[in-house]
Amino acid sequence: MRASLIQIAVDEGESAATRRARVASLVREQAGSADLVVLPELWTTGAFAYEEFAVEAEPLEGPTYEAMAKAASDAGVWLHAGSIPERDPEGPLYNTSLIFSPSGDLAAAYRKIHRFGFDKGEAVLMGAGRELVTVRLPGTTLGVATCYDLRFPELFRGLVDAGAETLVVSAGWPERRRAHWTLLARARAVENQAFVLACGTAGTHAGVPQAGHSIVVDPWGEVLAEAGPAEEVLTVDFDPARVPTTREQFPALKDRVLGLQPPRR
C-alpha cells in the first residue's frame with residue numbers, strides 16, 4: 001500500500017476557501033500514485049487559531065466535505081481529509097475528521113475525544129467526541145486519532161481491540177514539543193504493533209510555529225519516512241501484512257492483563 005501524507009502549510013494570509021481549493025488540487029495530484037492520502041488537523045483554520053473556529057465552523061456536509069469528497073473521487077484514493085471545526089446544529093462545535101472512500105462517499109467521521117488547552121482554547125471551545133472510529137480498507141483497518149489523542153495510549157488500545165492495524169493521526173503539533181511528537185508516534189507503533197501514519201501541519205498558527213515532521217512508523221518502531229519542517233508531500237510504501245506477522249512473531253498483545261484493580265488502602 002502507498003500512502004501520501006500532505007503536510008500543509010497554514011499561512012494566515014491565505015483564506016480558508018483558497019486553501020481548500022489548493023489542497024483539493026494537491027489531493028488530485030496523488031491520482032495513480034497513492035492508495036491512501038492523509039491531511040492534517042484543522043488545516044482550514046490552523047489548530048491554534050482559536051478565534052477562527054466559530055468563524056470558519058461548517059456543518060459536517062459543508063464546503064470542506066464537498067471539496068474533499070470530490071477530490072477523493074477524482075483521484076480515486078482513500079482520503080483522510082484531516083479535521084474541520086464542525087458546527088453541530090444541536091450542540092457545540094467539534095473537531096471532526098472526515099474519511100472518504102475512492103468513490104467520494106463518507107466512510108467515517110471522528111470527533112476528537114481529547115481536547116487540548118487545559119481549560120482554555122480548544123478544551124472549552126469544542127465539545128468532546130465519545131466514540132472510537134475504525135475504517136476498513138482493502139488490506140488493512142485504520143484506527144483514527146487526532147493530535148492530542150496521541151498522548152493517551154488507552155485510546156489506541158481501544159482502536160487495536162476494535163481491529164485497527166494502521167493508526168492514522170491528523171495533527172497540528174507545535175514545534176516546541178516536536179520531540180514528543182516523534183517519541184509518541186514511535187511508542188504508539190511499538191506498543192500496539194501497528195503502523196502509525198502521523199500527518200501534521202507546517203507554517204504558523206496564530207503565532208505558534210508548527211512542528212511539521214510528519215512521520216510513518218512501522219510495527220517495530222522503525223521510522224520509514226519523515227518530512228521536514230516545510231510544506232511537503234511525504235509518500236511511503238508500507239506492507240499491511242507486516243502487522244499480523246509481527247503480532248505472531250512477538251505476541252506481546254496476548255499477554256496484556258486487563259481489569260487491574262488499584263491497591264487497597
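Modeller: Start with a term. A cavity is a set of grid points where a 1.4 Å probe fits but cannot get out. This model is predicted.

Biologist: How much space lies in the largest cavity?

Modeller: Rolling a probe the size of a water molecule over the atoms shows where empty space is left. Here the largest cavity holds about 160 Å³ of space. The structure has 1 cavity of 30 Å³ or more.

Biologist: Which residues lie nearest the centre of the largest cavity?

Modeller: Look for Phe48, Phe116, Cys147, Tyr148 and Gly172. They belong to a lining of 17 residues. By class, that lining has 10 nonpolar, 2 polar and 5 charged residues.

Biologist: Now the cores. Which residues touch the most other members of the largest nonpolar core?

Modeller: Leu5, Leu36, Val135, Phe156 and Leu197 do, in a core of 45 residues. Strand S10, residues 195-199, gives the largest share of this core, with 5 residues. Another core lies apart from it and has 22 residues, including Leu26 and Tyr65.

Biologist: What does Leu36 touch, not counting residues up to four places away in sequence?

Modeller: Its partners are Arg2, Ala3, Ser4, Trp78, Leu137, Leu142 and Leu197.

Biologist: Is Ser97 buried or exposed?

Modeller: Buried means under 20% relative accessible area. Ser97 has 0% relative accessibility, so it counts as buried. Find Ser97 in strand S5, residues 93-100.

Biologist: With which side chain does the side chain of Ser97 make a polar contact?

Modeller: With that of Thr146, at 3.4 Å. Leaving aside neighbours within four places in sequence, Ser97 is also in contact with other residues, among them His80, Gly82, Ala108, Tyr110 and Val144.

Key:
Residues are numbered from 1 along each chain as its sequence is written. This is a predicted model: local features need pLDDT of at least 70, side-chain atom pairs count only at pLDDT 80 or more; totals for chains, interfaces and linings use all residues. Side-chain values use heavy atoms; hydrogens and water are left out. On a 1 Å grid over the protein atoms alone, a cavity is a set of points where a 1.4 Å probe fits but cannot get out, and a pocket is an open set with protein on both sides within 12 Å along at least five of seven lines; lining residues have an atom within 4 Å of a point. Grid points are joined across faces, edges and corners, and a volume is the space filled by probe spheres set on the points. Ala, Val, Leu, Ile, Met, Phe, Trp, Tyr, Cys and Pro count as nonpolar, Asp, Glu, Lys and Arg as charged, and the others, Gly among them, as polar. A nonpolar core is a set of buried Ala, Val, Leu, Ile, Met, Phe, Trp, Tyr and Cys residues joined through side-chain atoms within 4.5 Å. Buried means under 20% relative accessible area, exposed over 50%, partly exposed in between (1.4 Å probe, protein chains only). Helices (H or I, at least four residues) and strands (E, at least two) are DSSP runs, numbered from the N terminus. Contact means heavy atoms within 4.5 Å. A polar contact is a pair of N or O atoms within 3.5 Å; within protein, one must be able to donate a hydrogen and the other to accept it, and residues adjacent in sequence count only if both atoms are side-chain atoms.
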